[in-house]
Amino acid sequence: MNFLKILFKMISPAIITSRVSRTGFLKPLEFIPASMLKGAIISQLYRNGAIDASSLMVASSSIFASYAYPVVGNLELYPCHPLMYECKICKEFIDYTNIVIDEMERSGVLELRNIVCNNGHRTLENLYTKFYPKYDIISHKTICVGIDKERGSSEVGMLYEYEAIPSESKFWAILAISEEYDLKDFEFYIGRGISRGFGKARIVGIKKINLEDISEKLDDLPRSNYIVLYALSPLLCGSGNSYASYPREIDLSKIAKIASLDLSGNLIIKQVYGRNNFIIGGWDMMKNAEKPTIKRATYPGAIAISKFNGDSKALALLSILGTNERVGDTSYTGVNMLIPLRLYSIFRGD
């Protein structure tokens, strides 16, 4: 299995929206959901003949994708964590990580006191649920009309408005996929309206992620009572027909088996600092049905204070693969990608 950090560019506007109105699809998302990216890649591999119909189920359980986040200029954006602030007066950016991480690792508790910028201002905006660096999303707006095939003219009540992610927009994501698939200059379609030319994308950059390098960096971290983790993805725990906003415990040996590795590890999450109002849904291609909507996952960027025992390589795999959570008979991937807070810059291109 190859672990890759990919960069892809929209060749045509992509309809990936957060709101559907009576007259169209509005308000583009600032990110691309993991399940949508994974499904788009599998679908194109199928169209290209790299996967046949009998192998679709296997591919669905052996290809993993993260949420895709924007790239602006040469800067890869990433979800802000709850320790990031901006002063409303002088616009200074403040990251309290270095001030409190030693105490979090020792006591397992996050405490912030006397939060001010360097100029003494207390009017700080918390940047959690936003991206860093901050940017203004630009949308491509278009109106389409339905055509009556018999009359060759527009149909009454068939006027649709679309807001789309504009062409030339770039995103980065993490992908785990078999070495047999060649993704160089790989083109695929993502989002709605692909029959109308929307959603064409091309992979323009691929960088291999070295699992051994991440594992070695984990081994070099200072040992303490707790390990503080950064959530690159939403957090979710499936339990029968119900779910929780984050898992209390993760068996890392199950994740290692996905990569055909025999590793042991156990992660117990004591506290999570974040918000549990992130919505996960989408379309299940295998069932050709809409997935049940998860309304209380934890927003990406959350901080989890945890106890960890086991092989550091197993924890490194969690940061790349996340976990596969089931709610009822529906599977949700691209969640629980947890990275040690001291190391999360390794995925950002810093």
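Predicted model: local features only at pLDDT ≥ 70, side-chain atom pairs only at ≥ 80, totals over all residues.
## Overall make-up

Numbering runs from 1 along each chain as its sequence is written, and side-chain values use heavy atoms, leaving out hydrogens and water.

## Burial and contacts

Out of 350 residues in the protein chain, 49% count as buried (under 20% relative accessible area, 1.4 Å probe, protein chains only). Contacts here are heavy atoms within 4.5 Å. Among the chain's contacts with a separation of 6 or more, 73% come from residues 24 or more positions apart.

## A look at Glu105

Glu105 sits in helix H3, which covers residues 97-107. Glu105 is buried, at a relative accessible area of 7%. Leaving aside residues up to four places away in sequence, Glu105 touches Ser224, Asn225, Tyr226, Val228 and Arg342.

## The E27-E28 hairpin

Strands E27 (residues 323-327) and E28 (residues 330-335) pair up antiparallel over four bridges; to count as a pair, two strands need at least two DSSP bridges between them. Together E27 and E28 make a hairpin with two residues between them, and Gly328 in the turn has a positive phi of about 65 degrees.

E27 has two faces: Thr323, Glu325 and Val327 are on the covered one, with Asn324 and Arg326 on the uncovered one. Glu325 stands opposite Tyr332 in E28.

Note on methods:
Buried < 20%, exposed > 50% of the residue type's maximum accessible area, 1.4 Å probe, protein only.
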